[in-house]
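Please consider the following explanation alongside the sequence and the coordinates.

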Amino acid sequence: MAYINWNDSFSVGNPVIDSQHKNLVDLVNELHDAMKAGKGQDSLSHVYASLIEYIEMHFRTEEAMFGVTEYPHKEMHVNEHKKLMEEAYELKAKFEDGGKFLTIETLNFVRDWVLHHIKVTDMGYRDFI
């Protein structure tokens, strides 16, 4: 069973953004499955590479949409993107420096992003895109 199941409550009503968000949910579930199989630490290299690549591309997509809309909170939203990127890079750097036990911290980071950033922050632009 999936750790997080995609459902309509995650949808911002834009097929491009929704598809990207589904990919993030898949990444969370992949890490969770690896942890359950006792291979969480082994999967972190792939997870960090995918996560960094994904969020850079995804944030560019969202921010481009903000540029052509009247979304009033775009500056605050972009600042939240920067904060999330910093956190992702910090986790990756800890891992590359030999950090142990980062699977739970990483899973919590990505899960919280899905449950807060998508379901709360991203819903703020739903009516503008």
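Arg111 counts as partly exposed, at 22% relative accessibility; buried means under 20% relative accessible area, exposed over 50%, and partly exposed in between, with a 1.4 Å probe and protein chains only. The side chain of Arg111 meets that of Asp112 in a salt bridge, at 2.8 Å from N to O. A salt bridge is here a side-chain nitrogen of Lys or Arg within 4 Å of a carboxyl oxygen of Asp or Glu. Asp112 is likewise partly exposed, at 39% relative accessibility.

The model is predicted: local features need pLDDT of at least 70 and side-chain atom pairs count only at pLDDT 80 or more, while totals for chains, interfaces and linings use all residues. Residues are numbered from 1 along each chain as its sequence is written, and side-chain values use heavy atoms, with hydrogens and water left out.

By the salt-bridge rule, the count comes to four. One of them joins the side chains of Lys83 and Glu87, at 3.3 Å from N to O. Lys83 and Glu87 are four residues apart in helix 3, so about one helical turn separates them. Helices (H or I, at least four residues) and strands (E, at least two) are DSSP runs, numbered from the N terminus. Lys83 is exposed, with 51% relative accessibility, whereas Glu87 is partly exposed, at 28%.

Another salt bridge links Glu96 with Lys92, whose closest N and O atoms are 3.6 Å apart. Glu96 and Lys92 also lie four residues apart in helix 3, which means a separation of about one helical turn. Glu96 is exposed, with a relative accessible area of 55%, and Lys92 is partly exposed, at 25% relative accessibility.

How do the helices pack? Two packed helices are described by the angle between their axes and the distance between the axes. Helix 3 (residues 74–96) and helix 4 (residues 102–121) pack at an angle of about 170 degrees, with their axes 11 Å apart. Helix 3 is therefore roughly antiparallel to helix 4. Axes are lines fitted to C-alpha atoms, for helices over the stretch in contact, and angles run from 0 to 180 degrees between N-to-C directions. Angles over 145 degrees count as roughly antiparallel, under 35 as roughly parallel, 65 to 115 as roughly perpendicular and the rest as oblique.

Contact means heavy atoms within 4.5 Å. On the side of helix 3, the residues that make the contact include His77, Leu84, Glu87, Leu91 and Phe95; on the side of helix 4, they include Leu102, Phe109, Trp113 and His117. By class, this contact of helix 3 with helix 4 has seven nonpolar, six polar and four charged residues. Ala, Val, Leu, Ile, Met, Phe, Trp, Tyr, Cys and Pro count as nonpolar, Asp, Glu, Lys and Arg as charged, and the others, Gly among them, as polar.

Helix 2 (residues 40–67) contains Arg60. Arg60 is exposed, with a relative accessible area of 56%. The C-alpha atoms of Arg60 and Ser45, 15 residues apart along the chain, are separated by 23 Å.

For the whole chain, the secondary structure comes to four helices and zero strands. The C-alpha atoms fill a box of roughly 45 × 30 × 20 Å, taken along the principal axes. Buried residues make up 42% of the 129 residues. Of the contacts with a separation of 6 or more, 76% are between residues 24 or more positions apart.
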